[in-house]
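Q: I've got a structure open and I'd like to go through it piece by piece. Can we start with what the words mean?

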Amino acid sequence: MVDEQATGRAIPEPILNWTLRLADEAGHAAPGCEPWRTLGQHDAWVGRYPTAHPPLRVQEMHAGRCAEFAKAGYLMHRVAAGTPYRISRLFGFWHISDADLTWLQVQRGDLTLYLALAGGATGLRGDHAVAWYCARCGHEIARQAFARAGRTGAFLAERSRAAVAAFNATAEGRRCPACGWEHPPAYPFSPLDPQAADAPPPPW
Amino acid sequence: MFAAIQVDEPLERIAEDWDFLSDRVLSHLTTFKPVGQNIYGVRRRHIGAGQVTDLRKGSITEHWEMGPSGLVYWELRPFELHVTAAGTPHHVSHNFGFWHINDMDELYLPIPGDSPAEPGHSIVLMGTPRGDECDRFAWYCERCLTMLHEYVCHTGAEGFKAFYKAEHEAVAQYNSDPAHRRCPECGTLNPPGYCWNVNRDGELERQGRARW
């Protein structure tokens, strides 16, 4: 038995199923996505997309301007907590949360692997918001805040859906109050569905 | 869709180190660098099926975790993310010569290179400790797992910059007297400790690194 007396702290049982396989050891995998998983202090999501699929790209809003952090091959990018960001063709809204997001992209043969890791700090409240910005002038068109709304994975996959539906309810609600541009309908978190391979990817 | 409002300035002006895997940023992550809520380390290593090799340390494939019932062994596997839970003493053979106990989860992800000859990316990520969250350096008897020595670094209060100094002090303290390495329960003389950084190895530390 392990001696815990010196440290005075209980040692937890190792958790060996906190693993997530992006691909097999040779880098091969069938296209598709894993559902979000909570792995301790982080939430994790894995996507495996055919390279022919339009790439998923991290976009961030900074003072009404859009920065797209994209390159071919390998990429690891951190989205700072509080920054409005979206992953193009994965979800059609801008997400703001109190958790950092680490986005990893690895291109391997005819497959592009993506890994999202949300979190890192302890004691986060789980505050989230979704927003939409005018693609013509950068003005914020709509925003809905969710206080203490839980972990990022569950929020993106489930709780954000109501806000998306509300935004889509009327064309007027999607119109930019500054310049009049009408935002196209939003779409919820939409990972690749290999069963619907013929369906066109989300347009934005 | 957002081409009309795309930022004009270079991305480096928006976020200086926006791609951790670019050659420029990688050189800052060969140890660990706190960035926001996480601490990142990315090393170029040869990663193959069942083997992760550091050019200076040799094989660092073997990972050990300690639980209430004893030791658990696992191996780094290409493309597999593994999470070592907060509070779990863990040790990577020939990589660092102590049991690391942190209050933050630690995530490992080895990504092999594009060809077997090319080094891959060994990614380690852990939460940034805050407040009273700590890092501990501990030694347990290799025969009976009795705790021999522990050094606490208050990284949450002092910042992660305190980690490597504390690691060095912990190893030096442990190695300073063979009595620290002698198990009070079973009498086993345990191998010396050593730091993560090979450059800190003296003769005693080299012996320790070769052994465990």
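A: Start with "buried": a residue is buried if 20 or more other C-beta atoms lie within 10 Å of its own. Keep in mind that this is a predicted model.

Q: Where is Phe2(B) in the chain?
A: Phe2(B) sits in the segment before helix H1 (11–14) of chain B.

Q: And what is Phe2(B) in contact with, leaving aside its neighbours within four places in sequence?
A: Phe2(B) is in contact with Gln59(A), Cys66(A) and Ala135(A), once those neighbours are left aside.

Q: How far is Phe2(B) from Gly97(B)?
A: Their C-alpha atoms are separated by 51 Å, and the two are 95 residues apart along the chain.

Q: Let's do chain B as a whole. How many helices and strands?
A: Chain B has 6 helices and 13 strands. Its C-alpha atoms fill a box of roughly 70 × 40 × 35 Å along the principal axes. Of the 212 residues in chain B, 41% are buried.

Q: Pick a helix. What about H4 of chain B, which residues are buried there?
A: In H4(B) the buried residues are Phe163(B), Glu167(B), Ala170(B), Val171(B), Tyr174(B) and Asn175(B). Seen down the helix axis, they fall within an arc of 115 degrees, so they line one face of H4(B).

Q: What covers them?
A: The cover includes strand S12 (135–140), strand S13 (147–153), helix H3 (155–158), helix H5 (178–181) and helix H6 (203–211), which belong to chain B.

Q: What length should H4(B) have, and what does it have?
A: H4(B) covers residues 162–175, which is 14 residues, and at 1.5 Å a residue it should span 20 Å. Its end C-alpha atoms are 20 Å apart, which agrees.

Q: Now chain A. Which residues are buried in helix H2 there?
A: Helix H2 (residues 161–168) of chain A has Ala163(A), Val164(A) and Phe167(A) buried. Down the axis of H2(A) these fall within an arc of 100 degrees, so they line one face of the helix. They pack against strand S12 (128–133) and strand S13 (140–146) of chain A.

Q: What's in the largest nonpolar core?
A: That core has 73 residues, and the ones with the most contacts inside it are Ala44(A), Leu115(A) and Ala116(A). Strand S11 (residues 111–119) of chain A gives the largest share, 5 residues. Apart from this core lies another, of 20 residues, including Met66(B), Phe98(B), Tyr140(B) and Cys183(B).

Q: Which residues does Ala116(A) touch?
A: Not counting residues up to four places away in sequence, Ala116(A) touches Ala44(A), Trp45(A), Leu101(A) and Trp103(A).

Q: Last topic, the two chains together. How many residues are in contact?
A: On chain A there are 54, in contact with 51 residues of chain B. S6(A) gives the most to the chain A side, with 5 residues. That side divides into 28 nonpolar, 15 polar and 11 charged residues.

Q: Which strands do the bridges join?
A: S1(A) is joined by 3 bridges to strand S7 (residues 80–84) of chain B, and the two run antiparallel. In this pair, Thr19(A) stands opposite His82(B).

Definitions and conventions
Residues numbered from 1 in each chain as written. Chains lettered and ligands numbered in written order. Predicted model: local features only at pLDDT ≥ 70, side-chain atom pairs only at ≥ 80, totals over all residues. Helix = DSSP H or I, 4+ residues; strand = E, 2+ residues; numbered from the N terminus. Buried ≥ 20, exposed ≤ 12 C-beta atoms within 10 Å, placed from the backbone. Core = buried A, V, L, I, M, F, W, Y, C linked by C-beta atoms within 7 Å. Contact = placed C-beta atoms within 7 Å. Expected span 1.5 Å × (residues − 1). Arc of directions from axis to C-beta. Nonpolar A, V, L, I, M, F, W, Y, C, P; charged D, E, K, R; others polar. Pairing = 2+ DSSP bridges.
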